[in-house]
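Colleague: I am new to this structure and would like to learn how to read it. Please take me through it feature by feature.

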Amino acid sequence: LRHLTTLENLPRATIEHLLDRAIAMRDACAHGTRKLDVLAGRTVLNLFFEPSTRTRTSFELAARRLGADVVNFDIGFSSTAKGEALYDTLHTLEAMHLDAIIVRHKVSGTPEELVRHAMSGVSVINAGDGNRAHPTQGLLDVLTIRQHRPDFDNLVVTICGDIRHSRVARSDVHALTALGTKEIRLCGPAALLPEAEEFPQCRFITNFDDAIQGADVAIMLRLQKERMAATELPDEAAYFRQYGLDCKRLARAAKGCLVMHPGPLNRGIEIASDVADGAQSRILEQVANGVFVRMAVLGEVLAR
Ligand code: CP
């Protein structure tokens, strides 16, 4: 693997290899090896054109734990604010001998554009592009599921929320499909669901009570207001009544249903606090796994 821009069409064996590698990273960290040196002398650049807490921090931690140098590019204080084109920024940064660029951008396809225009051997890792892909989030989500429920061919997963605008949902579906998940249900208001042709392998359900019934995993997503026109914004109280995950709804799911959310959470809109902080919540486990998955991906793409 030279770049990681999407999980779409990635073979099951590659995904499983990355998950196994993430577990090996976790075990190495657990045994007191807080810092490995496999990327000593390598330089990784965080190039985030959209805000991030989890992804940016965990990529930085992952790179540092592998011994790499990390540069956090500050868009607000960079020459992009003076109108510099993305490719000029890319070539300028490449001239400083980077090994990997981790990019987040609101425009779908930006990571592939960087791969196409790169002049050096730099690796590109997608940290989220538009509504298209967030591959390391997809990997950390299936890693979290696998730790509790490795039997994907017996698993019903419900993804609920603003799926139309969600790169997380897309990468989750790609990873879950590759791993042979028995049933993937996509739930949300009709206006926030993707076209059915995009995911022929999924069941589309607009009633959340039906979609959560018997589910083994519930992945809740926030309303991506930043990608909606003002007229598209649902009333938040009404949305919570129909699509919020509270204890009563969770009781309809299978016993021990894993509650997941990629963050950031909007409590009281897509998820109630007592569920987000409850015994079935795996949300902070997802965050912890994010560091190990990103260590695995960096180790993989820079292994040359
Ligand atoms: N899940 C996720 O991508 O979170 P951040 O936006 O905080 O990186």
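Modeller: We will go through the domains, their contact, a helix pair and the ligand. Keep in mind that this is a predicted model.

Colleague: Into which domains is the protein divided?

Modeller: A domain can be built from separate stretches of the chain, as the bounds here show. Domain 1 takes 12-134 + 287-301, and domain 2 takes 135-284. Their C-alpha centres are 26 Å apart.

Colleague: How many residues of domain 1 are in contact with domain 2?

Modeller: On domain 1 there are 23 residues in contact with 23 residues of domain 2. Helix H1 (12-30), strand S4 (123-129) and H11 each give two or more residues to that side of domain 1. H11 has the largest share, with 7 residues. By type, this side of domain 1 has 10 nonpolar, 8 polar and 5 charged residues.

Colleague: At what angle do H5 and H11 cross?

Modeller: The axes of helix H5 (residues 135-148) and helix H11 (residues 283-301) cross at roughly 120° and come within 8 Å. Residues in the contact include Leu139 and Leu143 of H5, and Val293 and Val297 of H11.

Colleague: Where does the ligand lie relative to domain 1 and domain 2?

Modeller: Both domains give residues to the shell around the ligand, so the ligand lies between them. Among the surrounding residues are Ser52, Arg54, Gly128, Gln137 and Pro262. The shell consists of 2 nonpolar, 6 polar and 1 charged residues.

Conventions:
Residues are numbered from 1 along each chain as its sequence is written. This is a predicted model: local features need pLDDT of at least 70, side-chain atom pairs count only at pLDDT 80 or more; totals for chains, interfaces and linings use all residues. A residue is near a molecule or strand if its C-beta atom, placed from the backbone, lies within 6 Å of it. Ala, Val, Leu, Ile, Met, Phe, Trp, Tyr, Cys and Pro count as nonpolar, Asp, Glu, Lys and Arg as charged, and the others, Gly among them, as polar. Domain bounds come from an automatic or database domain assignment. Axes are lines fitted to C-alpha atoms, for helices over the stretch in contact, and angles run from 0 to 180 degrees between N-to-C directions. Helices (H or I, at least four residues) and strands (E, at least two) are DSSP runs, numbered from the N terminus. Two residues are in contact if their C-beta atoms, placed from the backbone, lie within 7 Å.
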